[in-house]
Amino acid sequence: MEFKLNIGPHGTDDRVVPLKEDVLYDVIIIGGGPAALTAAVYCMRKGVSTGLVTMDFGGQLSDTSTVENYMGYSYITGVDLASKFREQVQQFEIAVVEGKKADSIEDGREKKLRLEDGSVFSARTLIITTGKSWRRLGVPGEAELTGKGVAYCAICDAPLFAGKRVVVVGGGNSGIESAIDLAKIAEHVTIIQFLAELTADKILVDAFSAFTNTTVMYEHEVVEIKGELRVESVMVKNRATGAVSELDAQGIFIEIGLIPNNALVKGLLELNEFGEINVDCACRTSLPGIFAAGDVSSVPFKQIIIAAGEGAKAALSACEYVLREP
Amino acid sequence: MAIFDDKVRKQIGDILAKLADRVNLLYFTQEMECGICKETHEFLNEFTSLSDKIGLVVFDFVKDRDKAAHYGVDKIPAIVLLDKNDNDAGLRFFGLPGGYEINSFIQSIFEVSGLKEPLPAKAAEALKKIDKDIHLQVFISLTCPYCPAAVSAAHRIALESPRVRADMVDAGAFPQLAVKYNVSSVPKTVINETIEIIGAEPIEKLIEAAAKA
Ligand SMILES: Cc1cc2nc3c(=O)[nH]c(=O)nc-3n(C[C@H](O)[C@H](O)[C@H](O)COP(=O)(O)OP(=O)(O)OC[C@H]3O[C@@H](n4cnc5c(N)ncnc54)[C@H](O)[C@@H]3O)c2cc1C
């Protein structure tokens, strides 16, 4: 039995305080991934008054089984790294709202951040580090059947598909990893791949090829997910011939990459063609006093160490802004 | 065989050192223990040995059926959390809270021991208005990083309201229930058999949904 301890709020020597609606903070950071948590440590050490609003601590680290390229650790689990980040933040008297989503921003000299529960917080600068989330297919049936056979988290949900027929959409690393997990227990796994080949790393493709209860449909795309109370079948189209066929399936795992969480700033900040927030080399966005860092920003390459470094940079830029514009 | 390795044992011990009031755990199992009942029993023995503020009383699901009925325990393994005065706020764990779920287990124990932030005023108000019995069943898998948040939210509501009972149910340990409630994604919260919530929602949303049950 494994225990993925991720010490909670009472577990550490935490000095965190609640974020207050009647205080004007120097900086409010939105997000809880590597970029946000690094920014938080930098801001607190600079001595500016700092708030952090996040739905969770860890961000994509919570989805990552192991990390082997974050300096100082040749091997660490995503959960362990996330709890180390969190502990480092909680040594400071930082003001935090956890478990809530930031909904909208009103710009001005004092920026107003509204959360989904209606509460409003104020700050002179904001750092947006909302990262990325799993991309949806956007086909009929997907939204209606989410949680009823349509799944996005293979490590969470694969055990519920033992002995069933499942479809995995996507032939990249996450698609093949999921397909391997599922092939161990499912009756049959069909991969639907847009391209003519799998794009996952060779080592994964080799591991996948060892299973005999699998099929790969190349140059196919999903056009509809069917079912009344639960997924019953998946309609797929051959991209070369246009022919549509129906696959019997009780589950469909969607592993087609990530999209930036930009809903908070859409219409407010300039985005690039991928929907990422345009930033310059000091993490400045198109509005003064609003900074962005990590996967949600236009910085090339999405990695933990890069997000952390960008978070540090955004924090220093924000602190400089606070000092310069009294 | 030890359930925890040295590192985890030390970590949990350090965390539990900060408990406030005593917490009493009731464990329901049976004489001929099923595999997972045996493992859960060993887990609880080791876990409770790490703090002198956690008590453990073991009941037999068959022989102590009055107790089981009293606490609404209809399946095993089952863990019931009681406060220092043996008051039952309605917090249950069905299955072994291992994997990621160790986090919700520790969190719930802390909250029962009195260490908790007050609920946001609006949430507390909405919860007070609930005037019927609410039963929350949170289905989880032990490999799901998002599930502890859903369990903690449900347990928190149960702790605050005498009308609410909240169960963690490991879909892996109770596959027949996973089928019955059509669980194909976790966390999934079933409220009074009628309302379903998929994913971990903030406590406000959960209270809102419970109000409609
Ligand atoms: C499966 C997987 C494996 C990976 N493996 C590696 C690896 O081995 N090495 C590596 O370097 N990188 C890896 N990565 C990439 C790495 O995890 C990301 O680059 C990194 O997490 C980005 O950090 P971030 O802080 O920018 O964003 P994220 O980690 O995406 O965090 C975003 C945070 O913002 C919060 N948030 C979003 N919207 C809101 C809102 N509206 N209100 C409040 N909070 C909000 C989220 O809850 C989350 O806490 C992996 C990613 C995945 C998915």
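Two residues are in contact when they have heavy atoms within 4.5 Å of each other. In this predicted model, L160(A) touches A171(B), V183(B), S184(B), S185(B) and V186(B), leaving aside residues up to four places away in sequence.

**Extent of the interface**
- Between them, chain B and chain A bury about 3,000 Å².
- Carbon and sulfur atoms account for 59% of this buried area.

**Polar and charged pairs**
- Between chain B and chain A, 10 residue pairs are in polar contact, with both residues at pLDDT 80 or more.
- The rule finds 3 salt bridges across the interface of chain B and chain A.
- E204(B) and K100(A) form a salt bridge through their side chains, at 3.6 Å from N to O.

**The chain B side**

**The setting of L160(A)**
- L160(A) lies in the loop of chain A between helix 3 (154–157) and strand 12 (165–169).
- L160(A) counts as buried because its relative accessible area is 13%, and the cut-off for buried is under 20%.
- From C-alpha to C-alpha, L160(A) and A186(A) are 9.3 Å apart in space, while 26 residues apart in sequence.

Methods:
Residues numbered from 1 in each chain as written. Chains lettered and ligands numbered in written order. Predicted model: local features only at pLDDT ≥ 70, side-chain atom pairs only at ≥ 80, totals over all residues. Heavy atoms only, no water. Buried area = accessible area lost by both parts, 1.4 Å probe. Salt bridge = Lys/Arg side-chain N within 4 Å of Asp/Glu carboxyl O. Polar contact = N/O pair within 3.5 Å; in protein donor to acceptor, adjacent residues only side chain to side chain. Helix = DSSP H or I, 4+ residues; strand = E, 2+ residues; numbered from the N terminus. Buried < 20%, exposed > 50% of the residue type's maximum accessible area, 1.4 Å probe, protein only.
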